[in-house]
Amino acid sequence: MAPTGIKGLLKNKKVFFIAMFASFGGLLYGYQQGVLGQAVVMNSFQRDFPEIRQSASKLGWLTSVLQLGGWVGSLSAGVFGEVFSRKHTMFAGSLWVVLGSFLAAGAQSTSYLYAGRLFTGLGVGTLSAIGPLYNAELSPPEMRGFLIALQQLTTTIGIMLAYWVAFGSNYIGGTGDGQSALAWRLPMIIQGIPAVILCIGLFFMPFSPRLLINKGKEQEALKTLSYLRNLPEDHYLVQVEFLEIKADAEFERAIFDKRFPELSKAAGNSVWRREFAQYSNIFRSRDNFKRVALASLVMFFQQWTGIDSIIYYASIIFQSLGLTSSTISLLASGVIGIINVATTIPAIYIIDKVGRKPLMMAGSVGMCICEVIIGVIVATCGHDWSTHAAAGWAAVVFVWLYIVNFAYSWGPGSWILIAEIFPISIRAKGTSIGASANWMNNFIIAFVVPPMLSNIGWGTYIFFAFWSAAGGVFIWLCMPETKGKTLEEMDQVFGSHTAAEELEEFARVQERVGLTALIEGRSGAGSEKGSVEKEAGLDVQHISTV
């Protein structure tokens, strides 16, 4: 069997190159989540922009405007990726991040800060939606799952880096009133560096084979697959993968034309019209709408556990818990980053063994308990932290424990769920809607948390504890366990026949493009086929799962 994981990456340098780009996308997504909350507690930032630190609503807008841009970027990336290509859409997203990062880093007024955050959000939102899709389409089948996991892991690494970069830069010019403006500007500058590298590196990356087939450039798609797999164009495995991609592309067109002939006729040959028309497929079927609604609700409850209120405002929250020194609050935030990464790593390996539901329900219980305890501590001791220093540190510890409970459960589990519950025909668009729901709820959280901390204090933690518990109840009552489920079994769980009907149509398309004949012709040479499959780590008989 072909090596997977880190061994597979090191053996295939082209796959390793792809994985590096998956890492940069994840790093950018994570880094932007943690960088602003660290900057705003620095003395130099408060000196340069006193109106932001003194106004909870302005701080909320400065944080949330990035999420608003991310929502627009993630929702539009699916269409732009089909019209202009995944590669060009990623390039545009990277340029937005470069522009936004350096505009914010050089800001002399709040207007430039707001604009920089908005542009950064557009870019990161675009990359968060199109980057994983591009990487999955270029990677070999045996590496796709690992690359998705790598994307999740590097997001948490990006958060950690933002915390510790800010902790280090906090010492530039001292930590007092004489602190250099570079202390808060440097983390913003560093945010743009991976985006610059991504912009340059994309020139050396191929176009997605799937996109090339959609555009009718089949020979170029075949050459790209041959290049990526280090195999000749006429190699059996290259031919199988090429025909699988071709069958998948033709299937999507066929199923849309069959179900919505009038919409298909109206769209004609216009790529723009067809892409927008296909979104209506989601709302014209009760089963499809149900799955999209579940994906959106998963992301709703993920955000309303309060996770991003911690990620974005960790230093401010720690100061409100009695860690009045900006240096100490930044250090406590850095510990969050380490805990997040350390807990996510084992979660990636056990979530396929334990299942999504048990982990997410356990995480909900753990987060709820931690938030209630923090709320009680703040309510009883928050009036005078100087005489209740131990209680303040106890609250900090429970914030750290809250992060542990999120990182092994809702962190990876929510993103895996929204990728698993859709039938083939709406998988890409359904996932993009789920991701956009994450960004929109993220926007609301980032906006409302500063006023909540200022006005209701300890009630903020009780509020999020309620939603953490509600999320666990939602998973228990409404979400099926998707661990190890095939497409047919998922169809049965949701009580529909969508997937069964689609698989029948898919089989007809496979036969039409010649994939069935290729597989059946090869099956006559069983021993030879087995040796090839063993070498490549690909079971070509299970083509419906590729």
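C381 is buried, with a relative accessible area of 12%. In this predicted model, C478 is by contrast partly exposed, at a relative accessible area of 41%. Disulfides number zero in the structure. A disulfide is a covalent bond that joins the sulfur atoms of two cysteines.

The packing of two helices was examined next. Helix α15 spans residues 286-304 and helix α21 spans residues 427-455; their axes come within 8 Å and cross at roughly 30 degrees. The pair is therefore roughly parallel, since angles under 35 degrees count as such. The crossing of α15 past α21 is right-handed. On the α15 side, the contact is made by V292, A295, S296, M299, F300, Q302, Q303 and W304. Their counterparts in α21 are G430, I433, G434, A437, N438, N441, N442, I444 and I445.

Q32 belongs to helix α2, which comprises residues 13-39. Its relative accessible area is 1%, so Q32 is classed as buried, the limit for that class being under 20%. A polar atom of the Q32 side chain lies 2.7 Å from the backbone oxygen of Y29. With residues up to four places away in sequence left out, Q32 touches L66, Q67, R117, V124, Q191, Y312 and W439.

Technical notes
Residues are numbered from 1 along each chain as its sequence is written. This is a predicted model: local features need pLDDT of at least 70, side-chain atom pairs count only at pLDDT 80 or more; totals for chains, interfaces and linings use all residues. Side-chain values use heavy atoms; hydrogens and water are left out. Helices (H or I, at least four residues) and strands (E, at least two) are DSSP runs, numbered from the N terminus. Buried means under 20% relative accessible area, exposed over 50%, partly exposed in between (1.4 Å probe, protein chains only). A polar contact is a pair of N or O atoms within 3.5 Å; within protein, one must be able to donate a hydrogen and the other to accept it, and residues adjacent in sequence count only if both atoms are side-chain atoms. Contact means heavy atoms within 4.5 Å. A disulfide is a pair of cysteine sulfur atoms within 2.5 Å. Axes are lines fitted to C-alpha atoms, for helices over the stretch in contact, and angles run from 0 to 180 degrees between N-to-C directions. Angles under 35 degrees count as roughly parallel, over 145 as roughly antiparallel, 65 to 115 as roughly perpendicular and the rest as oblique. A crossing is left-handed if the near helix is turned anticlockwise from the far one by less than a right angle, and right-handed if clockwise.
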